[in-house]
Amino acid sequence: TVWNAAFLIGMNRTGFFASALIAFLLFLNIAMQSVFLGVITNIVETELFDENEIEQLRSWRVFFAHSVNHYDTMSKTSLAQRVCAAGDATSTLPVEMSDSK
């Protein structure tokens with residue numbers, strides 16, 4: 001890895017150009033990992049839902065997802081189980097899923 005190769009920088013047997021290349025690759029690796037860390041941090045800190053949407057999802061879970069009225073006797077699953085399993089049961093979600101966000 002570049003991290004292991006960093007130990008070779010400046011050694012007599014490595015040579016100037018090889019040391020320069022390893023140093024450049026090490027810098028590039030650090031820069032790319034910093035950008036990746038910044039992207040992940042931005043994703044984690046972004047609020048996906050506001051308080052109103054969270055409350056709507058909670059009430060949907062309590063009043064619809066676990067309701068006996070939406071229990072499927074054939075598969076013996078609740079609506080919540082089917083939604084979590086990515087089934088085709090999302091038509092009763094209270095929050096409109098749109099690409100506008």
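Colleague: In which helix does Phe-36 lie?

Modeller: The model is predicted: local features need pLDDT of at least 70, side-chain atom pairs count only at pLDDT 80 or more, and totals for chains, interfaces and linings use all residues. Residues are numbered from 1 along each chain as its sequence is written, and side-chain values use heavy atoms, with hydrogens and water left out. Helices (H or I, at least four residues) and strands (E, at least two) are DSSP runs numbered from the N terminus. Phe-36 belongs to the helix of residues 16-45, which is α2.

Colleague: Is Phe-36 buried or exposed?

Modeller: A residue is buried under 20% relative accessible area, exposed over 50% and partly exposed in between, with a 1.4 Å probe and protein chains only. Because its relative accessibility is 56%, Phe-36 counts as exposed.

Colleague: What is the area of the nonpolar surface patch that includes Phe-36?

Modeller: Patch residues have over 30% relative accessible area (Shrake-Rupley method, 1.4 Å probe, only the protein chains shown as cover). Like charges are joined within 9 Å, and nonpolar side chains (Val, Leu, Ile, Met, Phe, Trp, Tyr) within 5 Å. Together, Val-35, Phe-36, Val-39, Ile-40, Ile-43 and Val-44 make a patch of about 590 Å².

Colleague: With which residues is Asn-29 in contact, leaving aside neighbours within four places in sequence?

Modeller: Asn-29 is also found in helix α2, but it counts as buried, because its relative accessibility is 17%. Contact means heavy atoms within 4.5 Å. Beyond its sequence neighbours, Asn-29 touches Val-2 and Trp-3.

Colleague: What kind of aromatic pair do Phe-16 and Phe-17 form?

Modeller: Rings of Phe, Tyr and Trp (its six-membered ring) pair if their centres lie within 6.5 Å; planes under 30 degrees apart are stacked, over 60 edge-to-face, and the rest tilted. The structure holds 1 aromatic pair. Its ring centres, in Phe-16 and Phe-17, are 5.4 Å apart and the planes stand at 75 degrees, so the pair is edge-to-face.

Methods. Salt bridge = Lys/Arg side-chain N within 4 Å of Asp/Glu carboxyl O.
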